[in-house]
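Welcome! Here is a short tour of a protein model, starting with its overall build and moving on to its aromatic rings.

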Amino acid sequence: MPEADGADEALNRVNMHSKPSDLRIIDMRVAEIVGAPFTSALLKIYTNQGIVGLGEVRDGASATYALMLKSRLLGENPCDIDRLFRRIKQFGGHGRQGGGVSAVEIALWDLAGKAYGVPIYQMLGGRFREKVRVYCDTDATVPSGTETGKRLKQRMELGFTFLKMDLGLMQIADVPGAVVSPAGSLEGYRDHPRRGALKTIEERRVRNAVYDLHNVPHPFTGLHFSDKGLDFLEQYIAEVREVIGMDVPLAIDHIGHISVQNGIRLARRIEEYVPAWLEDVIPWQYTEQYQRLQDATTVPICTGEDIYLKEGFEPLLRSGGVSVIHPDLLTSGGILETKKIGDMAQDHGVSMAIHMAESPIAAMAAAHVATATENFMALEYHSADVDWWDDIVTGLPKPLVKNGFITVPDKPGLGIDDVVDEVISLHLRPGVTDIWQPTDHWDDEYSWDRTWS
């Protein structure tokens with residue numbers, strides 16, 4: 001028998017339960033988990049041919065953001081990804097509000113890849129690299145740069161060649177005289193709003209107060225680093241560099257709710273330690289302030305994990321206010337939108353790192369974009385200490401992150417065979433009793449959604 005050529009081989013891999021053109025969406029269900037490392041809602045989209053697409057809602061977001069889209073997708077061909085995305089993208093938004101649209105978009109790509117028997121990166125135009133570099137994010141939970149440096153050194157010994165740590169308000173919040181703040185305001189930033197059921201009106205009032213505090217934009221908090229605080233932060237990163245050396249890239253995150261002026265002061269203090277970037281210093285919406293910040297320092301300025309859609313990134317890129325963009329696929333609009341964002345950034349001479357703090361589903365979606373985007377720099381990994389992270393899915397290499405890289409398999413769709421129910425059932429979000437439960441009550445959700453008359 002003659003050897004099959006490339007076209008024949010591709011046809012041999014097409015799922016022939018029926019024709020891909022006859023594929024239809026028949027159901028959508030979720031499983032909500034915690035600890036991987038944060039709260040996530042895993043998504044399954046089911047079809048009439050038995051093919052199931054996997055997606056994931058952004059960490060910390062509500063599964064409702066995805067489920068509310070179900071009635072607008074039932075009966076559709078999931079391979080019509082762009083058309084369906086244009087239908088539902090009006091229901092997404094910045095931050096966690098982009099999570100539902102993005103989760104669905106990723107699941108559609110998984111389904112299309114499985115239907116046609118090709119990996120997602122191939123449908124995006126092919127590879128720029130064989131392996132995807134991963135940067136290891138490590139929370140700086142101790143008031144000691146030396147101790148944080150030792151933790152980062154352990155990451156390097158695991159093979160990571162790119163690192164990130166916290167440096168900002170929370171490292172000096174307990175140092176007398178380090179932070180100038182309105183009386184009583186600093187204490188509120190030590191807590192985040194609690195998720196789940198509350199028993200009393202007073203508990204709800206307290207949670208709402210914490211929620212409101214964390215939603216005060218940085219320029220309006222009245223928080224400032226004193227010179228003593230900046231001395232401490234400079235010493236902190238100096239101690240970290242003393243342990244890990246100067247060769248490895250070290251990005252900086254979680255500066256705190258401080259003003260652009262304080263961001264400039266901090267950036268100038270730490271320039272000699274050559275941060276890979278300074279991330280989310282102020283809310284991404286303040287384009288002119290980002291331009292001031294980048295113009296005032298040689299440290300690369302980075303933001304983007306909370307920006308929805310390509311047009312959300314455009315003002316920042318045009319302004320020159322960022323040197324690195326940092327989209328999260330589970331907010332930005334999913335796989336194709338993030339590919340477009342990366343290409344647009346390249347036109348402006350800006351590199352792209354990718355934010356990712358979820359399960360292997362989100363990791364693989366991001367890895368496919370990373371391998372298919374030329375100006376990609378590094379992909380976040382926040383689960384180095386989660387010993388069951390690799391066990392969430394089957395069909396991928398174990399460990400998925402090996403020696404600081406992800407190798408994207410040449411398998412259809414995301415490359416994941418399935419989610420392991422036994423594993424995720426051990427890590428359910430409090431208040432959730434089971435996984436993949438029927439969602440029939442979303443089947444007939446309807447509104448007249450046209451945004452013009």
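For its 453 residues, a compact globule would have a radius of gyration near 22 Å, and the protein chain agrees, with 22 Å (taken over C-alpha atoms; the globule rule is 2.2 Å times the number of residues to the power 0.38). This is a predicted model, where local features need pLDDT of at least 70, side-chain atom pairs count only at pLDDT 80 or more, and totals for chains, interfaces and linings use all residues. Residues are numbered from 1 along each chain as its sequence is written, and side-chain values use heavy atoms, leaving out hydrogens and water.

**Overall build**
- The C-alpha trace of the protein chain spans about 75 × 60 × 50 Å along its principal axes.
- The protein chain holds 16 helices and 17 strands (DSSP runs: H or I of at least four residues for helices, E of at least two for strands, numbered from the N terminus).
- Of the 453 residues, 55% count as buried (under 20% relative accessible area, with a 1.4 Å probe and protein chains only).

**Aromatic pairs**
- There are six aromatic pairs (rings of Phe, Tyr and Trp, the latter by its six-membered ring, with centres within 6.5 Å; planes under 30 degrees apart are stacked, over 60 edge-to-face, the rest tilted).
- One of them is the tilted pair of phenylalanine 162 and tryptophan 277, with 5.6 Å centre to centre and 35 degrees between the planes.
- Phenylalanine 162 sits in the loop between α6 (145–157) and β5 (163–166), and tryptophan 277 in the loop between α10 (260–269) and β9 (278–279), so the pair ties together parts 115 residues apart in sequence.
- Phenylalanine 162 is buried at 5% relative accessible area, and tryptophan 277 is buried at 0%.

Notes. Buried < 20%, exposed > 50% of the residue type's maximum accessible area, 1.4 Å probe, protein only.
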